[in-house]
Amino acid sequence: MSVAGVPLGSVVLLAVALAIATLVHRRLLGRLGGGTLQHLVRLPGNLLHELAHAFAMLLTGYTVADLSVSLGDPSGRGHVRPGPAWIGIARPWFTNLVSPVAPVFVAVAALAFLQPLAGVPGLPSSASGLLPVLRAVDPTRWELWAGLALGFSITAEMAPSSIDLAAWWRPALVAAVLVALGVYGLEYARPGMALDTWAWLDATVRTPVARALAMAVWSGVTVAPVAWLAGRLRAAVA
């Protein structure tokens, strides 16, 4: 997909994965209730999410004062709190630009790594390709089910939280303006170079993002009946 000649394939795939994470996986988690079961399901993804924040803080010059996952957090969210800067050039605006969205990129990398390892299929390009894709899956492999379980947890925690976005949007807006000015200047000095660079970047990241999207879709499909049944049982007991 492209708009005005700008390839947007990887951007569209990432946007779909984030939408699935927010609108599907988080709602399925909600059907598990707010107790220990939900937090145990969340644990791998939530730990990866918080570690991504912590790594980004360290990378941008700040120490980590505290890290907690949702299972041990009274608020039920998990959190990372920065400590003092470990380098003099550290700036909070740069950390607020990088750290809130770090879980997105770490989750994509983790899902892309898991997909072939677990034997989770890619997404078919058409409806007619669905059955051949499913027939090629070996349901007897434990790696498949472990990968789907981890994929669900990671996908459910990949999107930035409202707290993340509140810290991120101001420096992101400034960065977007600066990048746009830089691209304009580069295009003026070297016509076509900015578009060629973007096309190369899009082509480079499209495969891992597509693998991450496949993990998001198949893990959601796998967990949905279990989450539905858990919700029905909770309603019956209540």
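I began with contacts in the protein chain between residues at least 6 apart in sequence, and found that 76% of them join residues at least 24 apart. The model is a predicted one, and I read every value below with that in mind.

I then listed the elements: the protein chain has eight helices and four strands, and from the N terminus on they run β-β-α-α-β-β-α-α-α-α-α-α. Taken along the principal axes, the C-alpha atoms fill a box of roughly 65 × 50 × 30 Å. For the surface I noted about 13,400 Å² of accessible area, 73% of which belongs to carbon and sulfur atoms, while buried residues make up 37% of the 238 residues.

Next I turned to helix H4, residues 102–118, and checked its length: at 1.5 Å a residue its 17 residues should span 24 Å, and the end C-alpha atoms are 24 Å apart, so the two agree. I found a series of buried residues in H4, among them Val104, Val108, Leu111, Leu114 and Gln115, and the buried residues of this helix pack against helices H1, H2, H3, H6 and H8. After H4 comes Gly119, for which I noted a positive phi, near 75°.

Last, I looked at how helix H7 (residues 162–189) meets H8: the two pack at an angle of about 120°, with their axes 7 Å apart, which means that H7 is oblique to H8. Val183, Leu186 and Glu187 of H7 make the contact with Met193, Ala194 and Leu195 of H8, and by class I recorded five nonpolar, no polar and one charged residues.

Notes
Residues numbered from 1 in each chain as written. Predicted model: local features only at pLDDT ≥ 70, side-chain atom pairs only at ≥ 80, totals over all residues. Heavy atoms only, no water. Expected span 1.5 Å × (residues − 1). Buried < 20%, exposed > 50% of the residue type's maximum accessible area, 1.4 Å probe, protein only. Contact = heavy atoms within 4.5 Å. Axes fitted to C-alpha atoms, helices over the stretch in contact; angles between N-to-C directions. Parallel < 35°, antiparallel > 145°, perpendicular 65-115°, else oblique. Nonpolar A, V, L, I, M, F, W, Y, C, P; charged D, E, K, R; others polar. Areas by Shrake-Rupley, 256 points an atom, 1.4 Å probe, with all protein chains shown as cover.
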